[in-house]
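Visitor: Please show me the model, and then let us go through it by question and answer.

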Amino acid sequence: MIPIYNIKLTPKDKKFVKRCLQKNWISSQGGFIHKLEKKLAYFHQVKFCLVTSSCTTALDLAIRSLDLKKGDEIICPALTFISPANMVLNSNLKLILVDIDPITLTIDINKLEKKITKKTKAIIVVNQFGHIADFDKITKLSKKYNLKIIEDNAEALGARYKGKIAGSLGDISTLSFFGNKIITTGEGGAILTNNKKLYEKCLLMRDHGMSKEKKYFHKILGFNYRMTNMQAALGYSQMLRIEKILNKRNKQFEYYKKNLNKNENLNVRFFQKWCKGVHWLTTIHLNDKRLKKKLQNYLKSEGIETRPMVFPVNYATHIKKLNNSNFSNAVSISERSIHLPSGIDLTEKKIRYICQKIHSFFKRYNKIKN
């Protein structure tokens, strides 16, 4: 079976983790924590970084750092992994969903302003599946209405918007290092910002709200959202070769485009000229949504694992009653799209095999149909 995703750890990755074990620095206190934070801040050209136990906890801290009140509104795209929406609700804030752009799969700028009210305090911008949102327009709106931008860059580490690195475009940004991300620490995340006040608030909350000056004195409500030193060692080792990882992954996407672009039954996801995207998951959109499950089953029978597109956020049981709007683009993309294998060691030969099987499926289907 060709998996939807797999990781590849180098001898150096394992050497760094082994160093933690040998020195007994395995918890959240250890040198690799600070090394990873420093490396991430430098790579993203921001002043401050703190690593966390996941991107979800990073989002929770980012939202809480804005000191919003119950009833305040945060805007979120209607198609994304559910973490951003859940963390809005977790802070007793009102979740406002906006449809996505069918090309970029990020929040639809043309529909965004219509959802802004006097209670809107922030926008969560998700750089979806390796593509960055149109930040010039979003930043203009944020200044017009005095809104904070939380940039969720879980899926686009290394991407660029008009030359600017993703993760540096919001007031505060988050990263994910889950097992299927560009780099991985197994579980893990990070917060990036140039705002010292937001950084210090997140740092305090991440560590139980405990004062740095007075041990075991807790200044505010806090949490244990820390990353372990072993996880940080994995992340730091991968960040040392991040450009090689990005180059290899982008070549994989080029192989997919080369082999699938002439198939008239589908479209390979498109990147706007102003976005230098990254290859996270290869996404294809089928012309006929009725073939989605059939294609997945066929590929599975041929030893190829796929992943369906996430459901629109408002399909979730606990959110449906709060947001019952019809987000047509989100629904269409969700119903017609699947992700193809995108692991770090996926070879050109395997990609050709996957594409050949996709062509074979449609050849058979079109023959039966005609």
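Visitor: What percentage of the 370 residues of the protein count as buried?

Guide: This is a predicted model, in which local features need pLDDT of at least 70 and side-chain atom pairs count only at pLDDT 80 or more, while totals for chains, interfaces and linings use all residues. Residues are numbered from 1 along each chain as its sequence is written, and side-chain values use heavy atoms, with hydrogens and water left out. Buried means under 20% relative accessible area, exposed over 50%, and partly exposed in between, with a 1.4 Å probe and protein chains only. Of the 370 residues, the share that counts as buried is 56%.

Visitor: Why is the protein described as being as compact as a globular protein of that length?

Guide: The secondary structure comes to 13 helices and 14 strands; helices (H or I, at least four residues) and strands (E, at least two) are DSSP runs, numbered from the N terminus. The globule rule is 2.2 Å times the number of residues to the power 0.38, and the radius of gyration is taken over C-alpha atoms. For 370 residues the rule gives 21 Å, and the protein counts as that compact because its radius of gyration is close to this, at 21 Å.

Visitor: Among contacts between residues at least 6 apart in sequence, what percentage join residues at least 24 apart?

Guide: Contact means heavy atoms within 4.5 Å. Among contacts in the protein between residues at least 6 apart in sequence, the share joining residues at least 24 apart is 71%.

Visitor: How far apart do the centres of the positive and negative side chains lie?

Guide: Lys and Arg count as positive and Asp and Glu as negative, with His and the chain ends not counted. The place of a charge is NZ of Lys, CZ of Arg, CG of Asp or CD of Glu. There are 68 positive and 29 negative side chains, and the distance between the centres of the two sets is 3 Å.

Visitor: Is strand β8 enclosed or open, and how many of its residues are buried?

Guide: Strand β8 covers residues 172–176. One side carries Ile172, Thr174 and Ser176 and the other Ser173 and Leu175, and both faces are covered. β8 is therefore largely enclosed by the rest of the structure, with the buried count at five of five.

Visitor: Which residue of β9 stands opposite Ser173?

Guide: β8 and β9 pair in the antiparallel sense over five bridges. For Ser173, the residue opposite in β9 is Leu192.

Visitor: Which residue of β9 is the bridge partner of Phe48?

Guide: Strand β9 (residues 189–193) is mostly covered, with five of its five residues buried. Gly189, Ile191 and Thr193 lie on one side, and Ala190 and Leu192 on the other. Strand β1 (residues 48–52) runs antiparallel to β9, joined by five bridges. The bridge partner of Phe48 is Thr193.

Visitor: In the open sheet of four strands, which are the edge strands?

Guide: The order of this sheet is β10-β12-β14-β13, with antiparallel pairing. Strands β12 (residues 282–286) and β14 (residues 337–340) pair over four bridges, with His285 opposite Ser337. The edge strands each pair on one side only, and they are β10 (266–268) and β13 (307–308).

Visitor: Is Gln296 buried or exposed?

Guide: Gln296 lies in helix α10 (residues 292–301). Leaving aside neighbours within four places in sequence, Gln296 is in contact with Thr306, Arg307, Pro308 and Ile338. Its relative accessibility is 10%, so Gln296 counts as buried.

Visitor: What is the phi of His208?

Guide: His208 sits in the loop between α7 (196–206) and α8 (229–239). It counts as partly exposed because its relative accessibility is 33%. Its phi is positive, in a residue other than glycine, with a value near 65°.

Visitor: Where is Lys162 placed?

Guide: Lys162 has a positive phi, near 50°, and is a residue other than glycine. Its place is the loop between β6 (160–161) and β7 (164–165).

Notes
Pairing = 2+ DSSP bridges.
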